Amino acid sequence: MLKKKPLKLEQGFTVIEALFAILIATIFVTVAMQMMAIAAIFKARAQQNAEATTWIQEDLENVKLQATELNIKNVDSMTASTDRVTITSHGYSNGNTVIFQGTGTIAGGIEQSRTYYVRDVATDTFKLASSSSGAAIDLTSDSTGDLTSIATAKCAGNSATDGYADSLRDSINGDSASTNNTSKTFSKTSTLTSQQFNLARSTIPNSDDYKSLKISYTVTPASGGKSIASFYTEVIPNAALYCPTN
């Protein structure tokens, strides 16, 4: 008796299986490309955010530098033989109030951290008095070492236009006193990752004491849209730290 041979299954894929495999592969490639595109977008945004943050920090460092130097001048000398203080191009006027600080030895007859009145002003020199109408103080010895002079008129500031914060705002914005108002915004444009962006720095004096300056930063696309970075801080000029407490 003859035995029937078992039927052999055809090798390979059917048309439906092949089409299904192609479909799956297409979906996979499409999703992979979309993920790559999304990753590229997030990478670009992250780079923009990082560069914007750096841009803000660079501007803030400049603000801090100006806050450090504001209204503080290095004393060249205090000379007993002339009773004069020498500070190159000091810019003081008769009647201005100043204090002196530093690691050096101050001239005899003068005390550090005490308020004095400027009088007998010349371009690079002036004398000191204990009161607004007082006689010039007799300096009994020369000064030595590092000393600084700090104008204290701004210590008494009691509005947004006459305190240390106002002076710092004018300094960083390049404004004159005649253009003061409650708040100011400064803007500049830069290219971040091949796109134009605007940095806006808004400043307003702290109404608690008018010595510290509130600063807000935002970075937005030049063409408009949401900000990609923002930052808020307060900066107080070093000179304000030396204001008399009484």
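By the ring-pairing criterion (centres of Phe, Tyr or six-membered Trp rings within 6.5 Å; planes under 30 degrees apart stacked, over 60 edge-to-face, the rest tilted), the predicted model contains 1 aromatic pair. The ring centres of Tyr 92 and Phe 126 are 5.4 Å apart and their planes lie at 70°, so the arrangement is edge-to-face. Tyr 92 belongs to the loop between strands S3 (84-86) and S4 (97-102), and Phe 126 to strand S6 (residues 125-129), so the pair ties together parts 34 residues apart in sequence. Helices (H or I, at least four residues) and strands (E, at least two) are DSSP runs numbered from the N terminus. Tyr 92 is buried at 8% relative accessibility, as is Phe 126 at 0%; buried denotes under 20% relative accessible area, exposed over 50% and partly exposed the range between (1.4 Å probe, protein chains only).

Buried positions in H1 include Trp 55, Ile 56, Leu 60 and Val 63. Elements covering the buried residues of H1 include H2 and strand S9 (195-205), with contact defined as heavy atoms within 4.5 Å. Just after H1, Asn 71 adopts a positive phi of about 60°.

Within helix H2 (residues 164-173) lies Ser 167, buried at a relative accessible area of 11%. Residues up to four places away in sequence aside, Ser 167 touches Leu 70 and Lys 154.

Residues are numbered from 1 along each chain as its sequence is written, and side-chain values use heavy atoms, leaving out hydrogens and water. In this predicted model, local features require pLDDT of at least 70 and side-chain atom pairs pLDDT 80 or more, whereas totals for chains, interfaces and linings use all residues.
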